[in-house]
Structure formats: structure tokens, C-alpha cells
Amino acid sequence: MRNLIAVTVAWALAVMALGADAKADWKRDRPAEELKIRDGIGNFMAKLTAGKDVTIAYIGGSITCGDASWRVKTTKWLREAYPQSKVTEVHAAIGGTDSSLGVFRYDEDVLAKSPDLVLIEFACNDSGLAVPTSRRAMEGMVRKTWRKDPTTDIAFTYVICSYMTNEYCRGVYPRAASVHEEIAENYGIPSVCFGVRVANLCRKDAIVMRAMELTPELRKESASMKFPTEGDYEGQPGPKGAKPVFSVDGVHPTPDGQQLYANCMRDAFKAFAGRHGVNHASRLGKPMFD
């Protein structure tokens with residue numbers, strides 16, 4: 001009986017804590033920008049441009065996992081753009097997971113590989129995570145990284161899902177990305193927001209965000225259309241109003257959608273080039289969150 005009471009009390013306290021956790025405040029209507037350079041990734045870029053070996057680690061969810069993902073395309077571009085440097089990729093993404101698992105597997109899956117740059121993608125899966133939990137997990141990965149090696153660079157990446165479209169089309173971050181921006185701003189971490197470029201196409205009604213809502217006929221017509229991955233899109237809808245497809249389920253981009261993400265990352269690397277490296281140890285003062 002005593003054990004049952006203890007378990008019941010523990011469960012009740014956990015439920016109360018989760019309730020408080022979920023109501024935590026976060027900054028709404030934070031303006032969304034495709035690239036915020038902040039302290040940059042100068043340490044990584046200096047080694048890359050000097051022809052030295054570099055290791056880049058990607059941690060996130062299913063959007064970063066696949067063989068046709070922006071991860072694969074980004075690594076391919078880096079190897080082609082900097083052939084004098086050996087670029088090693090660490091694939092640490094696991095589908096369906098958020099930052100609360102990421103922070104606990106971070107030492108083994110990421111830091112053990114001694115990366116020069118870590119790209120963190122949890123802006124989709126953290127949408128269902130309580131705000132304080134997301135804050136602690138994202139900050140935890142940052143502080144783990146720089147306690148081990150303060151010259152390791154980090155960048156946050158923000159994907160877009162169909163349920164985020166309204167916010168991005170209003171020019172603001174959705175909740176998870178806004179919460180991640182708190183950490184990025186405090187620690188001088190660059191952020192690359194893929195959602196801004198996709199939202200620009202949505203405003204023009206130039207793409208289909210969620211093809212599964214279309215009729216089978218229109219889905220077939222739309223799937224055959226060229227996706228606008230470069231520059232401004234001024235194309236016309238195809239037969240019966242068909243438009244290029246960004247995603248079938250509203251979450252996972254098509255290969256063309258993944259290429260758009262990779263193009264955002266490519267343009268970010270070009271903007272990062274030439275900036276001085278930073279010893280991030282100066283950022284490791286008191287943690288933002290317990």
C-alpha cells in the first residue's frame with residue numbers, strides 16, 4: 001500500500017510538472033530571417049578553405065535522415081566546392097525524435113566523433129515538446145559541445161511543416177524555432193531558416209505544401225512539374241491548376257524540396273566564408289536554464 005501511494009504521488013507530481021512545463025511563456029511574433037550569422041562558423045570555414053580535413057555532424061529527425069535529404073546534398077556540395085579538403089559526415093539523425101532524446105545521446109552519437117561543425121535540426125519534432133524541455137535540451141547540447149572543445153562551431157537549422165505555414169507567411173517563427181532562437185541569441189549561434197524560402201513560394205501560391213490533400217489526378221499532374229529551387233519563381237500552374245509539390249504529407253520534403261533546403265544551406269556557407277573563428281568558451285557563463 002505504501003509503495004502504491006508513493007507511485008501515485010510521484011505520478012501526480014509529474015503530471016503537475018508537465019502541465020506547468022507546457023504553459024511556459026515564449027516570445028511570439030519573433031521576426032523570421034533566413035540567415036542569422038551571429039558569431040558564425042569561422043573555425044570550420046578556416047579549416048575548410050585551408051584544405052584541412054573537417055568533420056560535420058548532423059543531428060535531428062527524419063527530415064535529416066534520408067538518402068535524398070538536405071544532409072546528403074549539403075555534404076555533397078561541400079565536397080564538390082572544397083575538393084582539397086576531406087569532408088567527413090557524421091549522420092546522427094533519428095526519425096521521430098526530438099531534442100529531449102538528442103541531448104542524451106549527444107555525447108556518443110556526435111561528440112565522440114570530434115566534429116568541427118554540428119548542425120542541429122529539431123524545429124519540427126520539438127513542436128510537440130514542452131517549451132522548458134526544449135530549452136534545456138537545446139542548451140544542453142550547446143554546453144556539452146563547448147565544454148569538450150570550445151572551437152567546435154554549431155548552427156541551428158529550422159525546417160518547415162504545413163502546420164507552420166501560417167506563421168512563416170506572416171514573417172514570424174513558429175513556436176519551436178522561436179524557442180531555439182532564444183538559445184541561439186544567447187550563445188551567438190548562427191541559424192539557417194529553410195522555412196522563409198518555402199514561405200515565399202507559398203505566398204505566391206507557387207507550390208503544393210501537402211499533396212495528399214489533392215485528388216489523385218491532380219496529385220499526378222503536380223508530381224510531374226519542375227520545382228522552383230533557384231531564384232524567384234514566376235512560373236504558371238500546370239494542367240487543371242497543378243503546381244510543384246513540396247511535400248506529400250506536409251512534413252517530409254520531396255527530393256526537390258530537400259534540394260531547396262540544401263540550397264539554403266549552400267548560400268549560408270557562402271555567407272559564412274571569410275569570417276574569423278571564435279573561441280566559444282567566452283559564452284559559457286551561467287546557464288540560461290537549470
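1. Helix α4 (residues 99–109) has S99, G102, V103, R105 and Y106 as its buried residues, where buried means under 20% relative accessible area with a 1.4 Å probe on protein chains only. The cover over these residues includes β2 (54–60), β4 (117–121) and α5 (131–148). Helices (H or I, at least four residues) and strands (E, at least two) are DSSP runs, numbered from the N terminus.

2. This is a predicted model, in which local features need pLDDT of at least 70, side-chain atom pairs count only at pLDDT 80 or more, and totals for chains, interfaces and linings use all residues. Residues are numbered from 1 along each chain as its sequence is written, and side-chain values use heavy atoms, with hydrogens and water left out.

3. The largest nonpolar core has 70 residues, of which F156, Y168, Y261 and F269 touch the most other members. Such a core is a set of buried Ala, Val, Leu, Ile, Met, Phe, Trp, Tyr and Cys residues joined through side-chain atoms within 4.5 Å. Helix α10 (residues 255–272) supplies the largest share of this core, eight residues. Leaving out residues up to four places away in sequence, Y261 touches I63, W70, V159, I160, F194, V198, F246 and P253; contact means heavy atoms within 4.5 Å.

4. K36, in strand β1 (residues 35–36), is buried at a relative accessible area of 13%. Beyond its neighbours within four places in sequence, its contacts are P31, Y173, E181, E185, P190 and S191.

5. S222 belongs to helix α9 (residues 216–223) and is buried, with a relative accessible area of 1%. Its C-alpha atom is separated by 8.5 Å from that of G241, 19 residues apart along the chain.

Note on methods: Buried means under 20% relative accessible area, exposed over 50%, partly exposed in between (1.4 Å probe, protein chains only).
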